[in-house]
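The following exercises ask the reader to work through a predicted model. Each task is followed by a solution in steps.

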Amino acid sequence: MGRGFGIAAAVSHDVTREVAREAERLGYSSFWVNDTPGADGLAALAAAAEVTSAIELGVGVIPLDRRPGEAIAADVEQLGLPRDRLLLGVGSGGDPKGLDRVRAGVDVLQRRVAAPVIVAALGPRMCALAGETAGGVLFNWLTPEFARRSARWVLDAAELAGRPRPRLMAYVRSGLLPEAEARMRVEAERYTGVGKYGEHFKRMGTSAYDTCVSGPDAATLQAGIARHEAELDEAVVRAITPDDSLESILRLLHACAPA
């Protein structure tokens, strides 16, 4: 079992380097960034790779409707990302034919890039696709109880396909209160009722905010993260901080550090 730490790709590369370096020193097993328009996750990982030597580097995730598999593979090559540490996360984005696009993208990337391909999944069909095709799955915005259910969808599909057991990972949005409260609520509101996320929260019977781990101190955060870890191979602490300063992120990094 491992514990990762994730930040936004929009964070400055100087801050990203320092956070990645400290995450490795503290014993986190992986360091993650997202990928958004105007904030290239692979470029942010390249910055992290400059100052680390052992920690796995994950991008969670690149939408395949915005950047197809061939382009991702070319960018990995051009940036010189370390394949032995890379976790290459991809998702469907907003494509209504997302299952077909993800299946094709995973196929391209597994042929072109010597690194595990990780599929972002919310519902049962994408979870099954991850089990059938990928090296792992990255869940998002879910409770520990629903992580158990989602993991079963993945593992059953992998077993039926005769494939090795995929890695089970999830972003667990975490923040220290009261400083991160406002930003956590804004982040949760961005996803509430929106497309596939709206369907996801309805399926779980809970809100986006209620999937987050929050509290006033390290002990509260550690207990919340541990509940997720009981259902996963790796929980990725997705940092929610009052701002993107190095000081704020390092405070959370230390509060959530693995024992």
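**Exercise 1. Determine how helix H3 is oriented relative to helix H4, and which residues make the contact.**

Solution. Two packed helices are described by the angle between their axes and the distance between the axes. In this predicted model, helix H3 covers residues 69-79 and helix H4 covers residues 98-112. Their axes lie 8 Å apart, and the packing angle is about 30 degrees. Angles under 35 degrees count as roughly parallel, so H3 is roughly parallel to H4. As for handedness, H3 passes H4 in a right-handed crossing. On the H3 side, the contact is made by Gly69, Glu70, Ile72, Ala73 and Ala74; H4 contributes Val108, Leu109 and Arg112. Sorted by class, the residues of this contact are five nonpolar, one polar and two charged.

**Exercise 2. Classify the orientation of helix H1 relative to helix H2 and describe the contact.**

Solution. The axes of H1 (residues 13-26) and H2 (residues 41-49) come within 8 Å and cross at roughly 50 degrees. An angle under 35 degrees would count as roughly parallel, and the roughly perpendicular range is 65 to 115 degrees; H1 and H2 are therefore oblique to each other. The crossing in which H1 passes H2 is right-handed. From H1, the residues His13, Thr16, Arg17 and Ala20 take part. They meet Ala43, Ala44, Ala47 and Ala48 of H2. By class, the contact of H1 with H2 has five nonpolar, two polar and one charged residues.

**Exercise 3. Describe the length of helix H6, its buried residues and the elements they pack against.**

Solution. Helix H6 runs over residues 144-161, which is 18 residues. From its first C-alpha to its last, H6 reaches 26 Å, close to the 26 Å expected at 1.5 Å a residue. The buried residues of H6 are Pro144, Phe146, Ala147, Ser150, Ala151, Val154, Leu155, Ala157 and Ala158. These buried residues pack against helices H5 (124-133), H8 (195-204) and H9 (218-229), and also against strands E6 (136-139) and E7 (167-176).

Setting aside residues up to four places away in sequence, Ser150 touches Cys127, Phe139 and Leu142. After H6 comes Gly162, whose phi is positive, near 70 degrees.

**Exercise 4. Identify the backbone features at Trp141, at Gly60 and Val61, and at Leu177 and Pro178.**

Solution. Most residues other than glycine have a negative phi, and most peptide bonds are trans. Trp141 is not a glycine, yet has a positive phi of about 50 degrees. Trp141 is located in the loop between E6 and H6, and its relative accessibility of 1% makes it buried.

Next come the peptide bonds. Gly60 and Val61 are joined by a cis peptide bond with omega about -10 degrees. Val61 belongs to strand E3 (residues 56-63). A cis peptide bond also joins Leu177 and Pro178, with omega about 5 degrees. Pro178 lies in the loop between E7 and H7.

Note on methods
Residues are numbered from 1 along each chain as its sequence is written. This is a predicted model: local features need pLDDT of at least 70, side-chain atom pairs count only at pLDDT 80 or more; totals for chains, interfaces and linings use all residues. Side-chain values use heavy atoms; hydrogens and water are left out. Axes are lines fitted to C-alpha atoms, for helices over the stretch in contact, and angles run from 0 to 180 degrees between N-to-C directions. Helices (H or I, at least four residues) and strands (E, at least two) are DSSP runs, numbered from the N terminus. Angles under 35 degrees count as roughly parallel, over 145 as roughly antiparallel, 65 to 115 as roughly perpendicular and the rest as oblique. A crossing is left-handed if the near helix is turned anticlockwise from the far one by less than a right angle, and right-handed if clockwise. Contact means heavy atoms within 4.5 Å. Ala, Val, Leu, Ile, Met, Phe, Trp, Tyr, Cys and Pro count as nonpolar, Asp, Glu, Lys and Arg as charged, and the others, Gly among them, as polar. The expected span of a helix is 1.5 Å times one less than its number of residues. Buried means under 20% relative accessible area, exposed over 50%, partly exposed in between (1.4 Å probe, protein chains only).
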